[in-house]
Amino acid sequence: MRSLQLTPSSFAALFATLVSLSLMSSALDAGDLEAKDGKQWYKGNLHTHSHWSDGDDYPEMIGLWYKENGYQFLALTDHNVLANYERWIDVDMSKGGREAYDKLKARFPENWVDERTVDGILEVRLKTFDEFSGLLNEEGSFLMMLGEEVTDIYKTSPIHMNISNLKEMIPPMKGESILDTMQNNVNAAIAQRERTGQPMMIHLNHPNFHYGVTAEDLMRVVGENFFEVYNGHSGVNNNGDDTHADTERLWDIVLTHRVAELKLPLMYGLGTDDSHSYHNMPHPAKRSEPGRAWIMVLADELNSNTLITAIEDGQFYSSSGVTVNRVSSDETGIAVELEPVDGETYTIDFIGTRAGFDASSQPVLNDKGEEENITRTYSDDIGAVLQSSTGTEARYTFHPNDLYVRVQVTSSADHPNPSQAGDKKQAWIQPVYGPAGQAEGVK
Ligand SMILES: [Zn+2]
Ligand SMILES: [Zn+2]
């Protein structure tokens, strides 16, 4: 097993992380996640594409879709661009073509759409973030956040990281390895946050997209505590394959090593859409449509500051269709209550790793017997199902050796529009330290 190697820049990032962590409550004190005492659940998506890059609709139309479909916040995260300058697009050459244009004109028949004809070509000016957020934001009920998908690559491994609520565009920072590339982008986000005082968060997108990011690299990123456990794009391999671990398995490998070996904070799992396709819904495959997965954040106000603080404190869960009413955790255990839907039954799995686990691992070799950039195989002690319950509520009592425990809920109902065939509706509740992890882990 490789040891943790810190470069000077990652030392700086680690220090920043430790400082910010000292302001956070420890996971065991997280208490109840429940809509009460002025707090409520806010539903949002942190991964969205528009005509500003390779999405097929105009940002204001996308914001309207989310606003009218039960969401309270949305981050627009186009590839290596911020929606903050004058930009005209060729309607017919754009991804959404005439269909998107006709819908835009029908929705805004007067005085909103800026258009012109240049050399016989119809062009529309893309609305800036200030313009479309001004149109869509509504105090207490809807909030647009400016974001960016920093779209980097190391050799053939795509490394995409979303930054939500940033102020200035961050170009792909590049690096000498996959881990170094991730770390350099994280450090750029942390530096901008410290310089500007703007609350912002960075997360790793779709680790299994081209199987670019392994658990061994992801676990070692310092100052970045989020990754996408479910991404709604149909090409990102959430479920892995015969040689590649699925994203839930990645999560458990990362969590186990962060707590037991690396002494890094817990990593939280996000559900996002990565939506690009907004027309002719629903479509069977090869598309990335809105509404597939989201996060539910418990906060006392709808603004980017309180949302990001709550997410950093683990006051949220991710979902692709299961609603959680309450999560309570204390030093004795963790309990969950769901919002049932008629005709559905639920499996509530408490998943974790216990101290004394078998830490051995083996590389995955290719046909020539060479090691590849593939997550290693580990024993079943890692991410074991510690208790499996059925029903709409369940409680798990910690074992003294529990390093961390997370809860995963799976409905009997199929996902209505899955990114991969066979997906069920699920919820992913964030990990907390168990008694042994509380002793071992970063507080
Ligand atoms: Zn991406
Ligand atoms: Zn994306």
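Analyst: In helix 8 (residues 304-312), the residues Leu307, Ile308, Ala310 and Ile311 are buried. Buried means that 20 or more other C-beta atoms, placed from the backbone, lie within 10 Å of the residue's own. These four lie on the same side of helix 8 because they cover an arc of only 160 degrees around the axis, the arc being that of the directions from the helix axis to the C-beta atoms. Helices (H or I, at least four residues) and strands (E, at least two) are DSSP runs, numbered from the N terminus.

This is a predicted model, in which local features need pLDDT of at least 70 and side-chain atom pairs count only at pLDDT 80 or more, while totals for chains, interfaces and linings use all residues. Residues are numbered from 1 along each chain as its sequence is written, and chains are lettered from A and ligands numbered from 1 in the order in which they are written.

The buried residues of helix 8 pack against strand 2 (40-45), strand 3 (73-79), strand 9 (201-204), strand 12 (294-299) and strand 13 (316-319); contact here means C-beta atoms, placed from the backbone, within 7 Å. After helix 8 comes Gly314, with a positive phi near 75 degrees.

Gly31 has Ser329 as its bridge partner. Strand 14 also pairs with strand 15 (residues 333-339), antiparallel over 6 bridges, and a hairpin of 3 residues joins the two. There, Arg326 is partnered by Glu337.

Notes. Two strands pair if DSSP finds at least two bridges between them. A residue is buried if 20 or more other C-beta atoms lie within 10 Å of its own, exposed if 12 or fewer, and partly exposed in between; C-beta atoms are placed from the backbone. Two residues are in contact if their C-beta atoms, placed from the backbone, lie within 7 Å.
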